[in-house]
Amino acid sequence: MTDEIQEWPAQWLRGPLALCALAVIAEHGSLHGYAIAQRLDEAGLGAIGGGTLYPLLARLERDELVTTEWLAGANGPARKVYVITAHGAQQLRQDAARWSAFATITSTVVTASQEERHR
Amino acid sequence: MRISLDDEVRERAPHVDAAWAEALIVELRLRGVSGATVGDALLEVETHMAEQGGSVVEAFGEAKEYAASLDLPDTARWTAPQVVRVCAQSALVTLGIQLLVGGAAALASGGDARIAIGTTVALVLSSVVVALALVAKGEVVLRLAVERPVLGILLLGGASALVVLLAVALAGPALALPAVPVLGAGILLLGGFGALMLVARRRGSELDDPIRFPQA
């Protein structure tokens, strides 16, 4: 798989990327794959390649966190859009809260080690 | 008029390199992914590439690895009626060819057709075994043919030799039958097989699972 995540180490993104994709889908109601990649890039996560994004979206669909539908494009080809399900929304709420707690803990641990060094 | 798969792929996925698209299709097929899901996966790559541009390999990596990473369900599995049908078709064709060749040869030489029961049974059973092996382990057989064709040909040759040996060993006594009815039975069996295939195609219940692209 081509790893096009430039800005952040791939292993950092591997965990939260599915959650981030689910969040941007929920935020916009429905999005197609390329638009999800753009939103993630704009949010600062970096360029996510198709080889990383679509397997992740396929997993979300398999887990029934999103549904998909092909819609005719305005001026181009049809697009497969992803829509969050009720189960997906519930999962997002739970995971968002847990992720927030996790991020706070890791941030505290990492920052504390730096502060200790500067004393 | 039906257009070829290559033409349809080029038409529906013009922004995806043709060789990459073919490799993706082959790998997904080898993994037992249904025709509709293959079309869905390819068209999603197309819509992404149409917007992003550039090289599909840079965006998606190698087709084979991408196909594996999608981890799509292998829904193109055989149902019990399909297994029965493919075995029946296999037996029908093998028996039909035997009778057709035996009848035609007898008609040409002016004598009776000599049908060795043991040979016929061995050939028909072998064809059913081959059909069952393809149904059960089709992915292994196809992967061998695609990825290691020389070994595939050698194994095919070995299996064919084994069937011939079996047919000769089990030949036993031959039935002497009038040439014309034997030839007629052969034509009837092969004709019947052809008619069944046509009916299946008309009904859309043929055994193959063509790639279908999603419609918006």
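Helices (H or I, at least four residues) and strands (E, at least two) are DSSP runs, numbered from the N terminus. With that in hand, let's work through some exercises on this predicted model.

**Exercise 1. Find the helix that holds B:Glu46, and decide whether B:Glu46 is buried or exposed.**

Solution. 
- Start with the element: B:Glu46 belongs to helix H3 of chain B.
- Next, recall the cut-off: a residue is buried if 20 or more other C-beta atoms lie within 10 Å of its own.
- B:Glu46 has 21 other C-beta atoms within 10 Å, so B:Glu46 is buried.
- Now look for its partners. Setting aside neighbours within four places in sequence, B:Glu46 contacts B:Arg12, B:Ala13, B:His15 and B:Val16, as well as A:Pro77 from the other chain.
- For a distance along this stretch, take B:Pro14: 32 residues separate B:Pro14 from B:Glu46 along the chain, and their C-alpha atoms are 7.3 Å apart.

**Exercise 2. Describe the side of chain B that touches chain A.**

Solution. 
- Count the residues: 19 residues of chain A are in contact with 21 residues of chain B.
- Assign chain B's side to elements: helix H3 (35–52), helix H4 (56–60) and helix H5 (63–70) of chain B each give two or more residues.
- H3(B) provides the largest share, 8 residues.
- Sort this side of chain B by class: 9 residues are nonpolar, 6 are polar and 6 are charged.

**Exercise 3. Which residues touch the most other members of the largest nonpolar core, and which elements supply this core?**

Solution. 
- The core has 44 residues, and those touching the most other members are A:Ala21, A:Ile25, A:Ile36, B:Ala21, B:Leu24, B:Leu28 and B:Leu42.
- The largest share, 6 residues, comes from H3(B).
- Zoom in on A:Ala21: beyond residues up to four places away in sequence, A:Ala21 touches A:Ile36, A:Leu40, A:Leu56, A:Leu57 and A:Leu60.
- A second, separate core has 8 residues, including B:Leu95, B:Ala113, B:Ala185 and B:Leu189.

**Exercise 4. How do H2(A) and H3(A) cross?**

Solution. 
- Their axes come within 10 Å and cross at roughly 110°.
- Angles of 65 to 115 degrees count as roughly perpendicular, so H2(A) is roughly perpendicular to H3(A).
- On the H2(A) side, A:Cys20, A:Ala21, A:Val24 and A:Ile25 meet A:Ile36, A:Arg39, A:Leu40 and A:Leu45 of H3(A).
- By class, this contact has 7 nonpolar residues, no polar ones and 1 charged.

**Exercise 5. Work out the relative direction of H6(B) and H9(B).**

Solution. 
- Helix H6 (residues 80–109) and helix H9 (residues 179–203) of chain B have axes that come within 7 Å and cross at roughly 150°.
- Angles over 145 degrees count as roughly antiparallel, so H6(B) is roughly antiparallel to H9(B).
- The crossing is left-handed.
- Among the residues making the contact are B:Leu92, B:Gly96 and B:Leu99 of H6(B), with B:Val182, B:Gly186 and B:Leu189 of H9(B).
- This contact has 17 nonpolar, 6 polar and no charged residues.

**Exercise 6. How many helices and strands does chain B have, and what pattern do they follow?**

Solution. 
- Chain B has 9 helices and 2 strands.
- Along the sequence, their pattern is α-α-α-α-α-α-β-α-α-β-α.

How values were computed: Residues are numbered from 1 along each chain as its sequence is written. Chains are lettered from A and ligands numbered from 1 in the order in which they are written. This is a predicted model: local features need pLDDT of at least 70, side-chain atom pairs count only at pLDDT 80 or more; totals for chains, interfaces and linings use all residues. Two residues are in contact if their C-beta atoms, placed from the backbone, lie within 7 Å. Ala, Val, Leu, Ile, Met, Phe, Trp, Tyr, Cys and Pro count as nonpolar, Asp, Glu, Lys and Arg as charged, and the others, Gly among them, as polar. Axes are lines fitted to C-alpha atoms, for helices over the stretch in contact, and angles run from 0 to 180 degrees between N-to-C directions. Angles under 35 degrees count as roughly parallel, over 145 as roughly antiparallel, 65 to 115 as roughly perpendicular and the rest as oblique. A crossing is left-handed if the near helix is turned anticlockwise from the far one by less than a right angle, and right-handed if clockwise. A nonpolar core is a set of buried Ala, Val, Leu, Ile, Met, Phe, Trp, Tyr and Cys residues joined through C-beta atoms within 7 Å. A residue is buried if 20 or more other C-beta atoms lie within 10 Å of its own, exposed if 12 or fewer, and partly exposed in between; C-beta atoms are placed from the backbone.
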